[in-house]
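I opened a new notebook page for this structure. My plan was to look up the overall build first, then single residues and pairs.

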Amino acid sequence: MSARAFWVACSGGRRVISGGRITDNSVEEDQSGAAERRAGGEFVRGVSGFRHAIGDAAFPAEPGRYHLFVALNCPWCHRVVLARSVLGLMAAISMDVAFPNRTEEDDPDGGGLWEFAPRRVASLTGATLPECTAETGTGRGLRLAKDIYRAEGSEEQSLPLLYDKRAGRIVNNESAEILRMLNAQAGPLGASDAPDLYPKGLADEIDGLNADIYAAINNGAYKAGFSSDQAVYAEAFRAYFDMLATLDARLSDGRAFLTGDRFTEADLRLFPTLFRHDPVYYLRMKLNGARILDYPHLWRWLCRVHALPGVAEAGSLTHCRQGYFGRSWNRTVPLGPFAPMPYPEAYAHPELAR
């Protein structure tokens, strides 16, 4: 069975839905009192400023028109790269990959900026990273993601970023909306027989899962790892592992995926965080209460998703480890923790969980 036929068997026929916007709390964090909360040690994620959609009058769904700027260590980028891959849009949507470490403080433009630097050497490997590219989407060979935003008068610099190459404009920089619009417009964008990741009959269930998973796990990992307040960290830690237990119990009835027998957007959005948990977040985000390997049903789900066509190719633990630990004060990358074998090789072994 071909990879595309396998996806159709797993996910059913595709349905083109209108719009690409997500307006529930699975996209944005409450911004009330954000400055005071940050000052008190809480991590509060900001709001993305570009919220157009493919399918809007100004941004028609056309093969070859759109481009993604991503960083493979970033889980928000990972979900978009996954959508591009599993929907079969690699040929239709071009992509540039930033180096996983941002610029240093002595950079002429300042530190902490996403940089397209294919010749930059990773401390983890002592070599360049073959996935990293120069910037090709604008046709101007820009070095920094921030320069793409500056062309539109914005001081943002976040990735992922969806770009219209023909109009020379930013379309959207909110990952949840990008993956939803790629799914909705996969056919017009050039995919054939793509799975529908957001089927109408499961929409309410997917939205509920997305909201819970975003709060406790996707964003919860950052709430734990980036908090400077012990109580805030402890609360995020508890919520994270409570949700892991809830999801493990949900999968204990033998279902293959979160909503049943088909892979959906809810699985896609959970995967990037759990992909990173054992080899990266366990240490870097101080989420050392347990490994995913300690949750047998979640571990087998993780292995099952990793084995789906297009999934393994869309992620890179080398970029994750370099990006998260290479920014630490001493710039060294820890060698552990390990399953009985290194990651991601362990994801090919669902039997490791007992």
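My entries follow in the order of the look-ups.

**Ground rules.** This is a predicted model, where local features need pLDDT of at least 70, side-chain atom pairs count only at pLDDT 80 or more, and totals for chains, interfaces and linings use all residues. I number residues from 1 along each chain as its sequence is written, and side-chain values use heavy atoms, with hydrogens and water left out.

**Overall build.** I looked up the secondary structure and found 12 helices and 6 strands in the protein chain. Helices (H or I, at least four residues) and strands (E, at least two) are DSSP runs, numbered from the N terminus. The chain has 354 residues, and 55% of them are buried. Buried means under 20% relative accessible area, exposed means over 50%, and partly exposed lies in between (1.4 Å probe, protein chains only). I then turned to contacts, meaning heavy atoms within 4.5 Å. Among those between residues at least 6 apart in sequence, 73% join residues at least 24 apart.

**Core.** I searched for a nonpolar core, a set of buried Ala, Val, Leu, Ile, Met, Phe, Trp, Tyr and Cys residues joined through side-chain atoms within 4.5 Å. The largest one holds 103 residues, and Leu182, Ile217, Trp299 and Trp301 touch the most other members. Helix H10 (residues 265–284) gives the largest share of this core, 8 residues. Beyond its neighbours within four places in sequence, Trp301 contacts residues including Leu251, Phe257, Leu270 and Leu274.

**Ala53.** I found Ala53 in the loop between helix H2 (34–39) and strand E1 (66–70). Ala53 is buried, at 3% relative accessible area. Leu162 is 109 residues away along the chain, yet the two C-alpha atoms are separated by 9.5 Å.

**Salt bridges.** The rule is a side-chain nitrogen of Lys or Arg within 4 Å of a carboxyl oxygen of Asp or Glu. I got 19 for the whole structure. Which residues pair with Arg180? Asp207 does, with the closest N and O atoms 3.5 Å apart. That pair links helix H7 (residues 203–218) to helix H5 (residues 175–184). Glu265 also pairs with Arg180, its closest N and O atoms being 2.7 Å apart. Glu265 lies in H10 and Arg180 in H5, so this pair ties together parts 85 residues apart in sequence. Both Glu265 and Arg180 are buried. Arg180 stands at 6% relative accessibility.

I checked Asp242 and Arg238 next, and their closest N and O atoms are 2.6 Å apart in a salt bridge. They sit 4 residues apart in helix H9 (residues 230–250), so about one helical turn separates them. Asp242 is partly exposed at 40%, and Arg238 is partly exposed at 41%. I also noted a network of salt bridges, with Glu104, Asp107, Arg120 and Arg150 among its members.

**Arg84.** I placed Arg84 in helix H3 (residues 75–86). Arg84 is buried but has no salt bridge, and Asp96, the nearest side chain of opposite charge, is 8.9 Å away. For charge, Lys and Arg count as positive and Asp and Glu as negative; His and the chain ends are not counted. Apart from neighbours within four places in sequence, Arg84 contacts residues including Leu68, Met90, Ile93 and Leu182.
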